[in-house]
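Hello,

Here is the structure we talked about handing over. Please look it over first; my notes follow below.

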Amino acid sequence: MTKPPRKPSKPLLRDDAPIRSRPRKPRDPAQPNLPLDPMPDRIEPCLALLKARPPNGDDWVYEIKWDGYRLSVHVEPTGIRILTRGGHDWTDRFPAIKQAALWLPVGTAILDGEAVVLDQQGRSDFGLLQQSLGGRGGNKSSSDAIFMAFDLLYFDGHDLRNSELDMRRHLLEDLVPAGEMGDIRLSEEIEADGDQLLASACEHGLEGIIAKRRDAPYRSGRVGDWLKIKCVQSDTFAIIGYERSTVARAGIGRLLLAARKGKKLVYVGGVGTGFNDRNAYELREKLDRLVTSTPAAVVDRKGAIFVKPKLIAEIEYRAWTDDGKLRHASYKGLRDAADGATVYEIE
């Protein structure tokens, strides 16, 4: 029998209308003057390790998994900087998030989180986010994206990375209170049994959940302090070609995909669903510029058109076949190098 939540879970989805961010508050003059730490120019993000089942126990806290672009928002004395996971400066591409950061009641800070666009049910939709930015490689600014903040790494001159998650979250919730619906929002912790929360997230059509050690410091890389548990498996694969179709959108019948195995790419099957009119035609334009006569992996598909493996696609799938191919695959969109996209590695 699974244990009940330790306290009532916070709602997974909201239908409140968004409001503007709070105005800046004055500093508390009673705050002690502690020695200041130099502000890092950039912090490599802590990454979540994929697991099949959520951990349980008082050592773990949970959040909803957001499907967007990982960002860090730097509130600096000279202004706001918004950096991608790969370190690219995308400040000008998120004007609404930038403006909301200017209104935060803090002198200096680094917030860790995810830029997302929500659908009508309040779920993050990576395809909508890409459209708002002009597609992969586009240079449009998105006024629809909001920033879901889930960690605070630097605060008013103090480096918080060696502090426990509970302490960092306490300060973050003072800075971005729960329930506010501006362009910077809190990714709320949910006190619940891990299995029950995962089932609820999947029932709501969400991507999955994140589990975090409550007593862990902030450590860059995929070290196991954060875990991700998905409702549907989703990974990134290189596009190495496509098969034509006379009836499909943009003439793409099926994309040919590859994963990395050691230093080589290996064919892992194809995907022929998940396209819409817009992304199919944009994708076809990119593919036609990459056509080559030399396949990047061994593929026995007659009539296939091969391309250089420059494009990385996010693919949802249910399982792997016995011969190493993706089962029930669906195309979600292209990932950008600025988002730190890497090709799935087969062990």
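**Pockets and a disulfide**

Seven strands come first: E1 (49-50), E2 (60-64), E3 (69-76), E9 (208-213), E10 (226-230), E11 (233-244) and E15 (312-317) each give at least two residues to the lining of the largest pocket. Please keep in mind that this is a predicted model. E11 contributes the most to that lining, with 4 residues.

The largest pocket holds about 1200 Å³ of space. Its lining has 42 residues, and the closest to the centre are Ala-48, Arg-222, Lys-228, Lys-230 and Asp-235. By type, the lining splits into 18 nonpolar, 6 polar and 18 charged residues.

The second largest pocket holds about 700 Å³. It is lined by 35 residues. Nearest its centre lie Asp-67, Asp-125, Phe-126, Gly-127 and Lys-332. Helix H2 (126-132), E11, helix H5 (277-288), E15 and strand E18 (330-335) each supply at least two lining residues here. This lining divides into 9 nonpolar, 14 polar and 12 charged residues.

Now the cysteines. The whole structure has 1 disulfide. It joins Cys-202 and Cys-231, with the sulfur atoms 2.1 Å apart. Cys-202 sits in helix H4 (residues 194-203), while Cys-231 is in the loop between E10 and E11. The two are 29 residues apart, so the bond links distant parts of the chain. The link is left-handed, at -100 degrees about the S-S bond.

Cys-46, in contrast, is buried at 1%.

Best regards

Technical notes
Residues are numbered from 1 along each chain as its sequence is written. This is a predicted model: local features need pLDDT of at least 70, side-chain atom pairs count only at pLDDT 80 or more; totals for chains, interfaces and linings use all residues. Side-chain values use heavy atoms; hydrogens and water are left out. On a 1 Å grid over the protein atoms alone, a cavity is a set of points where a 1.4 Å probe fits but cannot get out, and a pocket is an open set with protein on both sides within 12 Å along at least five of seven lines; lining residues have an atom within 4 Å of a point. Grid points are joined across faces, edges and corners, and a volume is the space filled by probe spheres set on the points. Ala, Val, Leu, Ile, Met, Phe, Trp, Tyr, Cys and Pro count as nonpolar, Asp, Glu, Lys and Arg as charged, and the others, Gly among them, as polar. A disulfide is a pair of cysteine sulfur atoms within 2.5 Å. Buried means under 20% relative accessible area, exposed over 50%, partly exposed in between (1.4 Å probe, protein chains only).
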